[in-house]
Amino acid sequence: MRHPKQAKQLVDRFGRTVDYVRISITDRCDFRCVYCMSEEMTFLPREQILSLEEIYLLAKCFTELGVGKIRITGGEPLIRRGAIGLLQKIGALPLLEELVMTTNGSQLATTATQLRQAQVARLNISLDTLDADKFKELTRTGNLETVLQGIEAAIAAGFKGIKINAVILKNRNHHEVTDLVQFALNSGIDISFIEEMPLGIISSHDRAEAYYSSDQIRADLAKHFHLEHISETTAGPSDYYRVQGRQTKIGFISPHSHNFCSTCNRVRLTTEGRLLLCLGNEHSVDLKAVMRAHPNDSDLIKQTLIDAMEIKPEKHEFDLSEQPIIMRHMNTTGG
Ligand code: SAM
Ligand code: SF4
């Protein structure tokens, strides 16, 4: 990571400093993962989404307010035309410390080297199963082999870090947690297990029934591996472990069983240009409206970002037993 170069100016009412932004550059995706989307999705018309220039200007403003880390996500970020060029420009921002990306891996076989050259330091790659049929079932349109080739290309391209993200659903892929950890160990990369979050209405399963907690996953893994807790505390929501004697980190992201809001350091920019102050609440500011009414007014954008900190909620309000209060799907949100 490059060294911090800018005073951190985004501080909320609870004294939390925001120095990390996740930007969703498209709501579109070549997959239809069952926990993320419904089978039939309507995507946003082009005029409603931020242009690449608008995204770049916002990224620049964030870095000038002390945001050191930007994650590009989606939808599938690599299917937006011009994505690589945008990454190159953001990667070259002088005040940025680290550019990272989350991807489903479908395009990595052909883009991994370009991404590394664009100064993308780390990748999170989603992989919920190592079974080709199950992969098709969970992603509806994805192909396991293509993603595995993408992961290989990413490893060869020499990123500073690669992490697998696996959403675990009871009776669908919960029995694969050991294989997934073994895959991460064999590949020399990290892995995080994610509890499903109730974002948007989905059709394929009942989220409460499919709930499989991080504690259950850890107990399953403990039958095969000697796990050691890593005491390092990052500002992120993951709780990390290591298999004794190995470098691979195993993270658990547990929005239901372990609340991680008190150390929250992040905000999200949705595809439509809404600044979302919390993943589990609707508090937001319409940055697109500000930018389109006052084009290229960086000072106004920065003041709007500073003012937005006033409405960052204290914590998320997820409850699996009720209908989702958050109607947006993860793909527009910047997961
Ligand atoms: N398409 C890219 C991908 O899949 O990695 C980036 C966007 S995707 C929305 C980002 C992450 O959110 C993925 O790791 C995905 O598994 C996760 N995700 C999507 N819907 C989720 C949900 N309802 N609960 C928890 N994680 C979810
Ligand atoms: Fe696409 Fe990622 Fe959502 Fe899957 S999780 S549908 S790959 S955006």
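1. The chain has 10 helices and 12 strands; these are DSSP runs numbered from the N terminus, with helices being H or I of at least four residues and strands E of at least two. Keep in mind that this is a predicted model, where local features need pLDDT of at least 70, side-chain atom pairs count only at pLDDT 80 or more, and totals for chains, interfaces and linings use all residues. Residues are numbered from 1 along each chain as its sequence is written, chains are lettered from A and ligands numbered from 1 in the order in which they are written, and side-chain values use heavy atoms, with hydrogens and water left out.

2. On the overall build: of the 335 residues in the chain, 59% are buried (under 20% relative accessible area, 1.4 Å probe, protein chains only). Take the contacts (heavy atoms within 4.5 Å) between residues at least 6 apart in sequence: 74% of them join residues at least 24 apart. The chain exposes about 14300 Å², with carbon and sulfur atoms supplying 48% of that (Shrake-Rupley method, 1.4 Å probe).

3. Have a look at helix H2, residues 83-91, where Ala83, Ile84, Leu86, Leu87, Ile90 and Gly91 are buried. Viewed down the H2 axis, the buried residues fall within an arc of 160°, so they line one face of the helix; the arc is taken from the directions from the helix axis to the C-beta atoms. Their cover includes helices H1 (52-64) and H3 (108-117), along with strands E2 (69-73), E3 (98-103) and E4 (120-126).

4. Now ligand 1, which has 19 residues around it, the closest being Tyr35, Gly75, Thr103, Ser126 and Met197 (a heavy atom within 4 Å counts). By class, that shell has 6 nonpolar, 9 polar and 4 charged residues.

5. A ligand 1 nitrogen is 3.3 Å from an N or O atom in the Glu76 side chain. One of its oxygen atoms is 3.1 Å from a polar backbone atom of Thr103, and an oxygen atom of ligand 1 is 3.3 Å from a side-chain N or O of Asn165. The protein covers 95% of the 540 Å² of accessible area that ligand 1 has on its own. Elements giving two or more residues to its shell are E3, strand E5 (161-168) and strand E6 (190-195).

Terms used: Buried means under 20% relative accessible area, exposed over 50%, partly exposed in between (1.4 Å probe, protein chains only). A polar contact is a pair of N or O atoms within 3.5 Å; within protein, one must be able to donate a hydrogen and the other to accept it, and residues adjacent in sequence count only if both atoms are side-chain atoms. Ala, Val, Leu, Ile, Met, Phe, Trp, Tyr, Cys and Pro count as nonpolar, Asp, Glu, Lys and Arg as charged, and the others, Gly among them, as polar.
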